[in-house]
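Dear colleague,

Please find the structure below for your files. My notes on what was found in it follow directly after.

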Amino acid sequence: MVTIVCMKWGGEFTARHVNALYAGVMRNMEETFDFVCLTDDGTDLAPGILVRPIPDCGLPERAWRRGCWPKLGVFAPDLFPFADVVLFLDLDVMVQRSLAPFIDLVRQRRHLVIQREWNPDLWGLLPQPLRPDRGAQSSVFGFCPGTIEDIYGDFARDPLAVIATFRNDQTYLTHRVRQRSYWPAGLCVSFKRSCTKYFPINLLLPTIRQPRKARIIVFHGKPRPWETLVEKGQRWGSSRRFGIGPVPWIARYFSQADVMLSIIQAGPSNEDRVKGFTNLRPVTAGNQRRSTAAPGSPALFADPPVDDARN
């Protein structure tokens with residue numbers, strides 16, 4: 001069984017962000033899966049999402065924001081007893097193609113597989129093997145619970161010493177985990193580096209093209225994907241890399257999620273409409289609920305043709 005897991009705490013992310021990710025995963029999984037949200041507030045999460053508390057790593061909550069340290073709770077022992085593969089996704093990623101290659105790679109390698117941090121733009125002129133290795137980027141990572149190193153225990157033994165030594169969770173995973181590897185180039189792309197351009201080129205070439213081959217688009221830094229859902233003429237992004245007006249394919253992603261979730265939330269009366277793209281049923285496992293998605297999606301939810309763009 002595959003477990004897809006995300007994390008929400010504090011006020012920066014909302015239930016809608018979790019629900020949109022859940023819908024994106026449902027459209028792009030070919031095998032049954034659990035979808036787990038580790039959170040301090042499960043209000044308004046969609047039916048089928050398993051809500052669990054964030055494991056206590058022994059770190060005061062006031063220190064959580066100094067590097068997303070709560071993410072390390074994902075590695076807590078026995079947290080996912082039914083999973084042979086766990087895939088962690090940040091809430092500000094967009095899943096646009098099948099997740100099967102990620103699952104297959106984790107099963108083959110049986111250690112931590114994680115995104116490689118992107119290089120500054122000029123390094124992009126060189127082939128990937130010639131670019132400096134800047135370490136791990138923790139927006140997307142996967143592992144097998146039964147074979148992963150004791151990352152959680154190592155951190156929990158002295159969390160204050162760890163955060164005094166390492167800048168964030170990414171640098172900790174880079175230096176602490178002995179057996180790890182990166183996703184192949186192109187499975188995940190950076191929205192900031194692949195889709196936006198620097199000023200003033202962005203004014204001359206304003207179209208934000210959708211990466212055609214990427215399976216996951218990672219929004220690190222500015223903007224978040226939902227920050228592009230603006231009115232015509234409104235600006236989003238950073239001071240040097242920004243866009244103006246809504247991005248149609250991002251808006252379509254969220255509107256598809258809203259439609260899917262409204263059907264699910266409507267309950268049994270919409271069973272025939274739901275059947276074919278998702279199958280949500282309770283499974284006895286203590287007081288937990290397992291969410292399983294059946295292969296395939298109806299034409300209504302099929303991804304539209306994407307615009308050509310570089311990876």
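Arg-157 and Asp-154 form a salt bridge through their side chains, with N and O 3.8 Å apart; a salt bridge here is a side-chain nitrogen of Lys or Arg within 4 Å of a carboxyl oxygen of Asp or Glu. This is a predicted model, in which local features need pLDDT of at least 70 and side-chain atom pairs count only at pLDDT 80 or more, while totals for chains, interfaces and linings use all residues. Residues are numbered from 1 along each chain as its sequence is written, and side-chain values use heavy atoms, leaving out hydrogens and water.

Arg-157 and Asp-154 are 3 residues apart in helix α3 (residues 151-157), so about one helical turn separates them. Helices (H or I, at least four residues) and strands (E, at least two) are DSSP runs, numbered from the N terminus. Arg-157 is exposed, at 61% relative accessibility, whereas Asp-154 is partly exposed at 26%. The terms mean under 20% relative accessible area for buried, over 50% for exposed, and in between for partly exposed (1.4 Å probe, protein chains only).

Arg-157 also meets Asp-150 in a salt bridge (3.9 Å, N to O), and Asp-150 is partly exposed at 39%. These residues belong to a salt-bridge network that links Glu-149, Asp-150, Asp-154, Arg-157, Arg-176 and Arg-178.

The count of salt bridges comes to 11. One of them joins Arg-107 to Glu-31, with the closest N and O atoms 3.1 Å apart. Arg-107 lies in helix α2 (residues 100-109) and Glu-31 in the loop between α1 (15-26) and β2 (33-39), so the pair ties together parts 76 residues apart in sequence.

With kind regards
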